[in-house]
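I am opening my notebook on this structure and will write down what I looked up, entry by entry. The chain and its model come first, and my notes follow.

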Amino acid sequence: MAHNWDALADCLHDWHGPGHGNQDLAILIEHADDLLRTDFLGVFVSVLAQAAWHSNLRLDGDGELDEWRPRTAQHFVFLLDHAAPVAFAEKAARGVGVAVALSDGRLLATLADTDWPGGDPADAAWTAGPLSFADQELLSGLTIEALKLFRHHLDCSIHEALDILQSRSEHLRHEHWTTTD
């Protein structure tokens, strides 16, 4: 048995394969606050989004999209003990081709790469990819301006914006040290 991201995506996809019916699926991830301390949260969110997309990729014998087979839903719910959903925004948006948005206090993630059908971020109110829209302000030391951008783009509180600012600043520092080594 493989123990890698592709294996996880395959496993999630197989739940919807032949013999498993067309059941919708909701996976609850308890104590998800712990994922904030990992370096792989963005990759994890990306793999989950790709698995959900693949579960509905139904091709007929000619390789054409099978429009007649019913679609199934896959939802991945991160249950938080203490952190606000917006605290996940910056790290989740680091996933490959992932975009995030806030809606009614919930953080939503989707595939945003134009290679994925329906994945063009211009079609939805998603922040495209990593939260880089405030990078210039952060790198220039304009912290207040960066906070305003986070609050405006994500419609979050000042405390949530501060959490994102801290996470994004750490990421940029890490990126700087990695590229200069």
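**Entry 1: the end of α5**

Helices here are DSSP runs of H or I with at least four residues, strands are runs of E with at least two, and both are numbered from the N terminus.

I note that this is a predicted model, in which local features need pLDDT of at least 70 and side-chain atom pairs count only at pLDDT 80 or more, while totals for chains, interfaces and linings use all residues. Residues are numbered from 1 along each chain as its sequence is written, and side-chain values use heavy atoms, with hydrogens and water left out.

**Entry 2: confidence and overall layout**

I then looked up the pLDDT, the predictor's confidence in each residue on a scale from 0 to 100. The chain averages 75, and 68% of the residues score at least 70. Confidence is lowest in strand β3 (residues 98-103), with a mean of 72, and highest in helix α4 (residues 135-139), with 91. I keep a caution beside this: where pLDDT is low, the predicted coordinates should not be read in detail.

I found six helices and four strands in the chain, and along the sequence they follow the pattern α-β-α-β-α-β-β-α-α-α. For burial I used relative accessible area, where buried means under 20%, exposed over 50% and partly exposed in between, with a 1.4 Å probe and protein chains only. Of the 181 residues in the chain, 35% are buried.

I returned to helix α5 (residues 143-154), which has twelve residues and reaches 16 Å from its first C-alpha to its last, close to the 16 Å expected at 1.5 Å a residue. That expected span is 1.5 Å times one less than the number of residues.

Which residues of α5 are buried? They are Ala146, Leu147, Phe150 and Leu154. They lie on the same side of α5 because they cover an arc of only 100° around the axis, the arc being that of the directions from the helix axis to the C-beta atoms. On the face turned away from this buried side I noted the exposed residues Ile144, Lys148 and His152.

**Entry 3: the second largest pocket**

I next looked up the second largest pocket, whose volume is about 280 Å³. Of the 13 residues that line this pocket, the closest to its centre are Thr38, Asp39, Arg94, His171 and His174. A pocket, on a 1 Å grid over the protein atoms alone, is an open set of points where a 1.4 Å probe fits, with protein on both sides within 12 Å along at least five of seven lines, and lining residues have an atom within 4 Å of a point. Grid points are joined across faces, edges and corners, and the volume is the space filled by probe spheres set on the points.

Which helix gives the largest share of the lining? That share, four residues, comes from α6, and α2 (41-55) and α6 (158-180) each supply at least two residues. I sorted the lining into three nonpolar, six polar and four charged residues. In this sorting Ala, Val, Leu, Ile, Met, Phe, Trp, Tyr, Cys and Pro count as nonpolar, Asp, Glu, Lys and Arg as charged, and the others, Gly among them, as polar.

**Entry 4: single residues**

In the loop between β1 (25-29) and α2 I found His31, whose phi is near 55°, a positive value in a residue other than glycine. His31 is partly exposed, with a relative accessible area of 47%.

Val98, in strand β3, is buried, with a relative accessible area of 1%. Val98 and Val43 are 55 residues apart in sequence and 9.1 Å apart in space, C-alpha to C-alpha.
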